[in-house]
Amino acid sequence: MSHIDSAPSTPGKVKMEKSSYFFTRGGGARWHYSLAKLTVWSFAFLALILIFFLRSPAPSTITSAADPSRRSLRNYNWGGSAWEKRVRASARARSSNGLTVLVTGAAGFVGTHVSSALKRRGDGVLGIDNFNDYYDPSLKRARQALLERTGVFIVEGDINDEALLRKLFEVVPFTHVMHLAAQAGVRYAMENPGSYVHSNIAGFVNLLEVCKSVNPQPAIVWASSSSVYGLNTKVPFSEKDRTDQPASLYAATKKAGEEIAHTYNHIYGLSLTGLRFFTVYGPWGRPDMAYFFFTKDILKGKQIAIFEAANHGTVARDFTYIDDIVKGCLGALDTAEKSTGSGGKKRGPAQLRVFNLGNTSPVPVSELVSILERLLKVKAKRNIMKLPRNGDVQYTHANISYAQRELGYKPTTDLQSGLKKFVRWYLNYYSDGKKAVE
Ligand SMILES: NC(=O)c1ccc[n+]([C@@H]2O[C@H](COP(=O)([O-])OP(=O)(O)OC[C@H]3O[C@@H](n4cnc5c(N)ncnc54)[C@H](O)[C@@H]3O)[C@@H](O)[C@H]2O)c1
């Protein structure tokens, strides 16, 4: 038996046993000859190990932090046959003509409502969300529990995680992506600009990279924002108006998203529809938005800051109720044409659209407070302040005729009725003593 035949299976041991063999049995030329042989065999052995690692399948449970290029991502556990089963079950449509939709940001305010509406009408829905702590994550967990009860599974992960997105498309051939994951909020951009670049730019590009390369490519509907109108003064805002004067980094990243969408449509044939939402409000809403924290502060007897523009100018918003936004999103998904690319290549022109989804009736913020006072039966302590120049614009007002024509979009909820539903939810959600209002 040659010494090779008895080589042990770990490289460290090979080295040790070989040395004892050389020093006891050999000398001079024989020693050199054996050393050369050992080197050759060591290289062969290392090459074998390398081939083994390159060819071995991905482990069933993968953590994104294992990939050094993804160090900025948190550690999420995903994968395995039980996980894949849940993914498949959640994404299964009730009927053969139902959509199969990947909803990013599904634990978010809009994402939860859209996912639940899709599931209710029989479409297959799978969510993905990174549950970040931009606002109270327990609210995201509560939304997750709500969706869980309707049969929607939310995969915990980041849209920047390419391996995870590829895996999801490998398990489910999604027909549509409803992309709502983003770093939202206008003022927070001055505190944490990197989070906007991470989610709204890098994350979007990563998602599009995966979508362009899968077969079949899905159609993508995604959330832009009314904030792209920036410093525009011409109202109502029309999709044809200029959008090159953003007033915040948030707005700039949404505008960049629209340009990025154009590129992927142009080069790869991805069908892309951008929706410019106008100040969405309603039950399960976002705690960082004025209607939400005004409610909290009014109930606590705390002073609230109400902004006014120069020369006592009114600050107003085109507040849009969540159910109307959901109808707009479903209308966009239903009218989205198929992407035209395959194998990462465009095969023909593909659909590229941008729609305003607003309510077309701006309401002054002071009026919003008056409605809340009436609903809460508490007088607000108003502190009128000058609108700071940190991202907020004075006025938003949507022209929705294009969405009306193409999506059948028709908002039906006025601010008074919508806030009534929000306040009812708020009091119920925070009254049972279990959830603390921060
Ligand atoms: N609510 C509004 O008034 C409004 C207005 C205009 C545009 N929008 C846009 O609509 C979309 C939904 O907004 P929302 O109000 O539901 O906000 P939201 O913050 O409640 O929801 C966004 C969700 O995305 C998740 N997320 C963020 N970055 C992620 C990442 N990198 N990977 C995975 N998940 C990530 C968050 O955890 C969150 O749950 C966003 O794109 C937002 O910019 C909202």
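Okay, let's begin with Trp284, which sits in the loop between β9 (280-281) and α9 (290-300). Helices and strands here are DSSP runs, H or I of at least four residues for helices and E of at least two for strands, numbered from the N terminus. Trp284 isn't a glycine, and still its phi is positive, about 65 degrees. Is Trp284 buried or exposed? It counts as buried, because it has 20 C-beta neighbours inside 10 Å. The cut-offs go like this: buried is 20 or more other C-beta atoms within 10 Å of a residue's own, exposed is 12 or fewer, partly exposed is in between, and the C-beta atoms are placed from the backbone.

Before I go on, two bits of housekeeping. Residues are numbered from 1 along each chain as its sequence is written. And this is a predicted model, where local features need pLDDT of at least 70, side-chain atom pairs count only at pLDDT 80 or more, and totals for chains, interfaces and linings use all residues.

Thr360 also has a positive phi, near 65 degrees, and is a residue other than glycine. You'll find Thr360 in the loop between β13 and β14 (363-364). Thr360 is partly exposed, because 16 other C-beta atoms lie within 10 Å.

Next, the sheet. Which strands make it up, and in what order? Seven strands form an open sheet, running β5-β4-β3-β6-β7-β8-β13, with parallel pairing. Two strands pair if DSSP finds at least two bridges between them. At the edges are β5 and β13, each with a single partner strand, so one side of each has no neighbour in the sheet. From one strand to the next, the twist averages 20 degrees. For angles, axes are lines fitted to C-alpha atoms, for helices over the stretch in contact, and values run from 0 to 180 degrees between N-to-C directions.

Let's zoom in on two of the pairs. β8 (residues 272-277) and β13 run parallel and are joined by six bridges, and Leu275 stands opposite Phe355 in β13. Packed on the sheet is α10, touching β3, β6, β7, β8 and β13, and its direction makes about 170 degrees with that of β8. Contact between two residues means C-beta atoms, placed from the backbone, within 7 Å.

The other pair is β3 and β4, parallel again, with five bridges. There, Val103 stands opposite Gly127 in β4. How many of the six residues of β4 are buried? Six of six. Gly124, Leu126 and Ile128 point one way, while Val125, Gly127 and Asp129 point the other. Lying across β3, β4, β6 (176-179) and β7 is α4, which runs at about 165 degrees to β4.

Now a helix, α6 (residues 162-171). Its buried residues are Leu164, Leu165, Lys167 and Leu168. Looking down the axis of α6, these buried residues fall within an arc of 160 degrees, so they line one face of the helix. The arc is that of the directions from the helix axis to the C-beta atoms. If you're wondering about the general idea, an α-helix has 3.6 residues a turn, so residues three or four places apart point the same way. And what covers that face? The cover over the buried residues of α6 includes β2 (77-78), α3 (81-91), β3 (100-104), β4, β5 (153-156) and α7.

On to the ligand. There are 28 residues around the ligand, and the closest are Gly105, Gly108, Ala182, Ala223 and Phe277. The cut-off for being near is a C-beta atom, placed from the backbone, within 6 Å. Elements giving two or more residues to this shell are α4 (109-120), β4 (124-129), α7 (193-213) and β7 (219-225). Which element gives the largest share? That's α4, with three residues. By type, the shell has 13 nonpolar residues, eleven polar and four charged. Nonpolar means Ala, Val, Leu, Ile, Met, Phe, Trp, Tyr, Cys and Pro, charged means Asp, Glu, Lys and Arg, and the others, Gly among them, are polar.

Last stop, Asn215, in the loop between α7 and β7. Asn215 is exposed, because 10 other C-beta atoms lie within 10 Å. The peptide bond from Asn215 to Pro216 is cis, with omega near 0 degrees. Leaving out residues up to four places away in sequence, Asn215 touches Ser342 and Gly343. The C-alpha atoms of Asn215 and Gly344 are 8.5 Å apart, although 129 residues separate them along the chain.
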